[in-house]
Amino acid sequence: MRKRFDKKEFVHGLKGGMPIAIGYIPVSFTFGLMAVSGGLPVWMAVFISLTNLTSAGQFAGTNLIIAGAGFLEITLTTFIINIRYMLMSLSLSQRIDKSMTLGERLIAAFGITDETFAVSSMEAGILTYSYLLGLILGPIVGWSTGTLLGALISSALPVSLSGAMGIALYGMFIAIIIPPAKKSKPLAYVILISVAIACILKYIPLFSIISAGFRVIIATILGAGIGAILFPIEENSKEENIKEGETI
Amino acid sequence: MSLQKAFVAIIIMALVTYIPRVMPLAIFRKEIKSKYIKSFLQYVPYAVLGALTFPDIFYSTGNLITAICGTIVALILSYKEKSLVVVAIGAILTVYITGLMIL
């Protein structure tokens, strides 16, 4: 019989989460900066990071809020971007301690990000609640702290520098997708198709009625959909591909 | 957007972020069988990050030329498999320096 709270497991999880927490700080810093320079109050920027705990989804959603988009567009965009967590949650569900209660599952699920998933996937044996709780704690604190710092510093930064920081997030997205695309042709094609469609929708006047959020949704569904039809991934190779991802 | 509306939008965002995380772990507990759906789910993060980045990155700095320079540096550094933070800082510095040279 496993103990409900195992301190050793918890500390082991905390240690695994530390590098993730540190890595999150510059990314969430940029988020805090962006949200506040877009007109949101500091507490709201931190509130977004605490409740969403995700990068691409909350960056896109916050951009849409700042742009004054509608609820439907915001909902669909963030949902599509975050759909990938379903796969990670599924994979984790095969590995966790089967005696975990519903409440414990609800808490552990909140902390699933690309990085916590990658770290816990490398872990041998059954994943206990104590371990998972320790693992997600650091990243949650790191993500919110970075946001708070960026939000507070936003007004103190010179305009030329805060303008330059606008490219940071996109730079990180590029850093996430290029290395795996170098190794996998299907991934490279998926990215190229999706980028091509996003550009077509943006620049061809016929499609100018499509807003930014829907543009990303359409490009994603077509890019990933065409990729799945042309290059379906055979079993076994699943795990490795996800581990290479570095988005939160 | 009013603060109140923004607050509602954030709650919705939090929900649609949490739902995909929690559903399989708490409810389904089964595996998806179709290799096409699995592949689709696996390609989604890459497709989404690509579509989020391009062409918007070119308008991220308020100046097309500095943004293009930053993008090129980010692409080169990523191709050399530098870490996320290095790529981001490299792009920021490039934009900052080219901005100083142009303006």
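Visitor: Buried area is the accessible area (1.4 Å probe) that two parts lose on being put together, summed over both. How much do chain B and chain A bury between them?

Guide: The two chains bury about 7700 Å² between them, and 76% of that area is on carbon and sulfur atoms. On the chain B side, B:R21, B:Y43 and B:Y46 lose the most area to chain A, together 12% of what that side buries.

Visitor: Before we go on, what kind of model is this?

Guide: This is a predicted model, in which local features need pLDDT of at least 70 and side-chain atom pairs count only at pLDDT 80 or more, while totals for chains, interfaces and linings use all residues. Residues are numbered from 1 along each chain as its sequence is written, chains are lettered from A and ligands numbered from 1 in the order in which they are written, and side-chain values use heavy atoms, with hydrogens and water left out.

Visitor: How many residues of each chain are in contact?

Guide: In chain B, 66 residues are in contact (heavy atoms within 4.5 Å) with 99 residues of chain A.

Visitor: And how many salt bridges does the rule find across that interface?

Guide: There are 4, a salt bridge being a side-chain nitrogen of Lys or Arg within 4 Å of a carboxyl oxygen of Asp or Glu. A:K182 and B:E81 form a salt bridge, with their closest N and O atoms 3.1 Å apart.

Visitor: Changing topic, how is chain A divided?

Guide: Chain A has domain 1 (7-163) and domain 2 (165-244), with bounds from an automatic or database domain assignment. Their centres, taken over C-alpha atoms, are 21 Å apart. The two domains of chain A bury about 1600 Å² between them, 78% of it on carbon and sulfur atoms. In domain 1 of chain A, A:T30, A:E73 and A:I80 lose the most area to domain 2 of chain A, together 27% of what that side buries.

Visitor: How many salt bridges lie between those domains?

Guide: The count is 0 salt bridges, and 1 residue pair is in polar contact between domain 1 and domain 2 of chain A. Over all chains, the salt bridges come to 5. A:R84 forms one with A:D114, at 3.2 Å between the closest N and O atoms. That pair links distant parts of the chain, 30 residues apart, with A:R84 in helix 5 and A:D114 in helix 7 of chain A.

Visitor: Which peptide bond is cis?

Guide: The bond from B:F54 to B:P55 is cis, with omega near 0°, and B:P55 lies in the loop between helix 2 and helix 3 of chain B. In chain A, phi of A:L53 is near 45°, a positive value in a residue other than glycine. A:L53 is placed in the loop between helix 2 and helix 3 of chain A. For context, most residues other than glycine have a negative phi, and most peptide bonds are trans.

Visitor: Where is confidence lowest in chain A?

Guide: It is lowest in helix 13 (residues 238-244) of chain A, at a mean pLDDT of 45; pLDDT is the predictor's confidence in each residue, from 0 to 100. Over residues 237-247 of chain A the pLDDT is below 50. Where pLDDT is low, the predicted coordinates should not be read in detail.

Visitor: And what does chain B average?

Guide: Chain B averages a pLDDT of 90, with 96% of the residues scoring at least 70.

Note on methods. Helices (H or I, at least four residues) and strands (E, at least two) are DSSP runs, numbered from the N terminus. A polar contact is a pair of N or O atoms within 3.5 Å; within protein, one must be able to donate a hydrogen and the other to accept it, and residues adjacent in sequence count only if both atoms are side-chain atoms.
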